[in-house]
Amino acid sequence: MDLFDYFKENSEDKWGGLVGGLTFRPKFYRDLRATVEYDGCEFNIGVDAKYKIFRVQFILQDWKKVSLGLCLEFSDL
């Protein structure tokens with residue numbers, strides 16, 4: 001079984017049911033973004049903010065798993 005077949009067989013498990021999310025961007029700082037989502041199985045929250053060419057990201061998946069990220073964005077140059 002290759003990787004494509006694995007995801008094809010297991011894709012319905014996670015997305016069965018109601019899914020959705022909300023994103024909030026405050027007017028006072030448009031480069032800040034907060035997101036809450038439900039993917040059918042678990043709740044996820046995320047926050048990211050941009051400062052100059054840096055974007056810092058924080059994600060909490062199912063209230064258990066934490067992901068942190070730092071990326072460089074050159075699109076505004």
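Predicted model: local features only at pLDDT ≥ 70, side-chain atom pairs only at ≥ 80, totals over all residues.

My entries below go from the overall layout down to single residues.

**Ground rules**

I number residues from 1 along each chain as its sequence is written, and my side-chain values use heavy atoms, with hydrogens and water left out.

**Entry 1: the inventory**

I looked up the secondary structure and got 1 helix and 5 strands for the protein chain. For the record, helices (H or I, at least four residues) and strands (E, at least two) are DSSP runs, numbered from the N terminus. Reading along the sequence, I get α-β-β-β-β-β.

**Entry 2: the sheet**

How do the 5 strands line up in the sheet? They form an open sheet in the order β1-β2-β3-β4-β5, and the pairing is antiparallel. I note that β1 and β5 (65-72) stand at the edges with a single partner strand each, so one side of each has no neighbour in the sheet. From one strand to the next, the twist averages 15 degrees (axes are lines fitted to C-alpha atoms, for helices over the stretch in contact, with angles from 0 to 180 degrees between N-to-C directions).

A reminder to myself: strands of a sheet pair through backbone hydrogen bonds, either parallel or antiparallel. Here, two strands pair if DSSP finds at least two bridges between them.

**Entry 3: β1 with β2**

I find 5 bridges between β1 (residues 20-24) and β2 (residues 32-38), and the two run antiparallel. G21 stands opposite E37 in β2. I also followed G20, which lies in β1 and has Y38 in β2 as its bridge partner. Leaving out residues up to four places away in sequence, G20 touches V36, E37 and Y38; contact means heavy atoms within 4.5 Å. G20 comes out partly exposed at 40% relative accessibility (buried is under 20% relative accessible area, exposed over 50%, partly exposed in between, with a 1.4 Å probe and protein chains only). I also checked G20 against G40: they are 20 residues apart along the chain, and their C-alpha atoms are 8.3 Å apart.

**Entry 4: β2 with β3**

β2 and β3 (residues 43-51) run antiparallel, joined by 7 bridges. A34 stands opposite V47 in β3. The two strands make a hairpin with 4 residues between them, and G40 in the turn has a positive phi of about 100 degrees.

**Entry 5: β4 with β5**

I count 8 bridges joining β4 to β5, again antiparallel. V56 stands opposite L70 in β5. This is a hairpin too, with 3 residues between the strands. Which residues of the loop did I write down? D62 sits in the loop between β4 (54-61) and β5, and its phi is near 55 degrees, positive in a residue other than glycine. W63 lies in the loop between β4 and β5 as well, with a positive phi of about 60 degrees although it is not a glycine. W63 is exposed, at 57% relative accessible area.

**Entry 6: aromatic rings**

How many aromatic pairs does the structure hold? I found 1. The rings of Y38 and F43 have centres 4.7 Å apart and planes at 40 degrees, so I call the pair tilted. The rule: rings of Phe, Tyr and Trp (its six-membered ring) pair if their centres lie within 6.5 Å, with planes under 30 degrees apart counted as stacked, over 60 as edge-to-face and the rest as tilted. Y38 is partly exposed at 28%, and F43 is partly exposed at 43%.

**Entry 7: cysteines**

I searched the whole structure for disulfides (a pair of cysteine sulfur atoms within 2.5 Å) and found 0. I looked at C41, partly exposed at 47%, and at C71, partly exposed at 25%.

**Entry 8: whole-chain totals**

Buried residues make up 14% of the 77 residues in the protein chain. The chain exposes about 6400 Å², with carbon and sulfur atoms supplying 63% of it; accessible areas come from the Shrake-Rupley method with a 1.4 Å probe, and for residues only the protein chains shown count as cover. Of the contacts between residues at least 6 apart in sequence, 11% join residues at least 24 apart.
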